[in-house]
Amino acid sequence: MADVARLAGVSSQTVSRVSNGYAGVNEETRQQVLEAMRELGYRPNSAARALKRGEFRTIGVITFGLSTTGNVRTLEAIATSAAHEGYAVTLLPVAVPTQDEVRGAFSRLGELAVDAVIVILEVHLLDAVTLSLPPHIKVVVADSDAGDRYTVVDTDQAGGSRDAVRYLLGLGHETVWHLAGPEESFAAQRRADAWRAELTGAGRATPPLVRGDWSAESGYRAGLELAEQPDCTAVFAANDQMALGLLRALHERGRYVPDDVSVIGFDDIPEAGSFLPPLTTVHQDFAEVGRRCVEGVLRQMGQDTPEHGTTLVPTRLVVRDSAGAPRPR
């Protein structure tokens, strides 16, 4: 910095103000300083600046797997929103979602020097009374049922599921079968609970729940089972990948979509419109979830007391060609 100041003919304080983007520096002087920086190859020391300011301009992200669409797209949205706010993202994947692994992840993020943490948590772990996150770290959790203990941002899982079931009933189907996600998933539970509640509220019979693991392969296996149910005319799948496998199984068994069986998914992945037939599905606004997660941790960084409660991001039903009125028997 002293070398830049000598070459530009200004004080070190002026160089500091220019490198930190502060106002109040004459434009001609600013350009002199920038030219001197370029000539000398000077770059501000981010580590020293972080120690001086007490912030690292980095958000840590803990996630329990990158194999699901929701986790990947939420992570992408968080990284985009953080960059827009001038923050970097440090990712720490955790293979096994246990209490010890979570504690270890927070310890490692502390060593990596982050200002706050976003946890993308699909499984029921933060709900456990035995798990306590470090109190001094600003935390926002995505996709969890821990709003009474932390700040949570989530898609309106129940609302989107009710819309899907209500739409199928409105087409004239007597009931709706459900291809659910894994039992340990919070999102899967919310969607299954809403499916069951909507059928009960409408006075319809609740078929046996069929479960998959979010993958297209599990949807295919479940589809082979559902294809053998002659009274199955409508299926709400808990995500689009399982819906894809379901479509293949129904096709192989000669059950045409939507003439014989209507199918609705959840997520609205970019490829959903290219399924055969194009998939009617519940759209999740992952970009908004990511933006609100970043907004939440930045807001917490400016206050001493932690926040609690859940923010739900609305969904919408995207109608395509995979759902229609049941064929008369």
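Which residues of helix 7 are buried? Before I answer, please keep in mind that this is a predicted model, in which local features need pLDDT of at least 70, side-chain atom pairs count only at pLDDT 80 or more, and totals for chains, interfaces and linings use all residues. Residues are numbered from 1 along each chain as its sequence is written, and side-chain values use heavy atoms, with hydrogens and water left out.

Helix 7 covers residues 157–170, which makes 14 residues, and from its first C-alpha to its last it reaches 20 Å, close to the 20 Å expected, where the expected span is 1.5 Å times one less than the number of residues.

Its buried residues are Gln157, Ala158, Gly159, Gly160, Ser161, Ala164, Val165, Leu168 and Leu169; here buried means under 20% relative accessible area, exposed means over 50%, and partly exposed lies in between, with a 1.4 Å probe and protein chains only. These buried residues pack against strand 5 (151–155), helix 8 (186–201), strand 8 (234–237), strand 9 (262–267), strand 10 (280–283) and strand 12 (316–318), where contact means heavy atoms within 4.5 Å. After helix 7 comes Gly172, whose phi is positive, near 115°.

Now to the salt bridges, each being a side-chain nitrogen of Lys or Arg within 4 Å of a carboxyl oxygen of Asp or Glu; by this rule the count comes to 16.

One of them joins Asp3 and Arg6, at 2.2 Å from N to O, and both residues lie in helix 1 (residues 2–8), three residues apart, or about one turn of the helix. Asp3 is partly exposed at 46% relative accessibility, while Arg6 is exposed at 60%.

What does Asp260 form with Arg327? The two form a salt bridge, with their closest N and O atoms 3.1 Å apart. Asp260 lies in the loop between helix 10 (240–252) and strand 9, and Arg327 in the segment after strand 12, so the pair ties together parts that are 67 residues apart in sequence. Asp260 is buried, at 17%, whereas Arg327 is partly exposed, at 48%.

Finally, Glu295 and Arg291 meet in a salt bridge of 3.1 Å, N to O, and both lie in helix 11 (residues 286–301), four residues apart. Salt bridges that share partners join Glu288, Arg291, Arg292, Glu295 and Arg299 into one network.

Notes. Helices (H or I, at least four residues) and strands (E, at least two) are DSSP runs, numbered from the N terminus.
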